[in-house]
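Good morning, and thank you for coming. I would ask you to keep the structure in view while I speak.

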Amino acid sequence: MNFIGYKKPSDEEFKKCYKELFEASPRPKNYETKEYKSKVEESRRRFFEAQEINLKIDLLPGEKWLNHPTLKTYKVSNLGRIKIRGEIQRQVDNPNGKLGYLVLEKYPKVLVYRLVADVFLERKTGEYRAVHHIDNDGYNCGEDNLIMLTKAQHDAIHTNEMEEW
């Protein structure tokens, strides 16, 4: 299913896409399994290999850059890349140890997926919406892999609480 039309789904829209989002997302008890950790490590390896090449390319196929609404020196790509003052930024794992939550190397408190949501999902400053990775791969911060959900919707995906919906 293509979720791009569901930038901020209402509860009715969420009901339509819940099953597919739920099936793509592991439950908290699965985060520690060997299979899940292996999947994350493979995604991590692919991301960092590609990044070394992509840092040298100004415009990737299908990529569009937009200005961040409040961070005036930032440009954000629909593919999850970030420029500051015209320079593409290297992304690294979050120093707090959570794999799959990419941050900018020079600014380790800036979460990449949140910047993408600010621009392409029109997340407003101060608006609380969980930003969910549709394929549950935190190394895939492209616009087409993100959806903004209410906290209740996001919790339902990760805890199998569909009966509430």
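This is a predicted model: local features need pLDDT of at least 70, side-chain atom pairs count only at pLDDT 80 or more; totals for chains, interfaces and linings use all residues.

The buried residues of H2 are Tyr36, Val40, Ser43, Phe47 and Gln51; buried means under 20% relative accessible area, exposed over 50%, and partly exposed in between, with a 1.4 Å probe and protein chains only. Seen down the axis of H2, these buried residues fall within an arc of 70°, so they line one face of the helix; the arc is that of the directions from the helix axis to the C-beta atoms. An α-helix has 3.6 residues a turn, so residues three or four places apart point the same way. On the other side of H2, Lys34, Glu35 and Ile53 are exposed.

Residues are numbered from 1 along each chain as its sequence is written, and side-chain values use heavy atoms, with hydrogens and water left out.

What do the buried residues of H2 pack against? They pack against strand S5 (91–93) and strand S6 (102–104), where contact means heavy atoms within 4.5 Å. Helices (H or I, at least four residues) and strands (E, at least two) are DSSP runs, numbered from the N terminus.

Let us take Gln51, which belongs to helix H2 (residues 34–54). Its relative accessibility is 7%, so Gln51 counts as buried. Apart from neighbours within four places in sequence, Gln51 is in contact with Gln89, Arg90 and Gln91. A polar atom of the Gln51 side chain lies 2.7 Å from the backbone nitrogen of Gln91.

I turn now to strand S8 (residues 146–149). Leu146 and Met148 point one way from this strand, Ile147 and Leu149 point the other way, and all are buried. In a regular strand the side chains alternate between the two faces of the sheet. Strand S7 (residues 130–133) pairs with S8 in the antiparallel sense over four bridges; two strands pair if DSSP finds at least two bridges between them. Val131 stands opposite Met148 in S8.

Finally, the whole protein. It has four helices and eight strands, which run α-α-β-β-β-β-β-β-α-β-β-α from the N terminus on. Of its 165 residues, 44% count as buried. Among contacts with a separation of 6 or more, 51% are between residues 24 or more positions apart.

Technical notes: A polar contact is a pair of N or O atoms within 3.5 Å; within protein, one must be able to donate a hydrogen and the other to accept it, and residues adjacent in sequence count only if both atoms are side-chain atoms.
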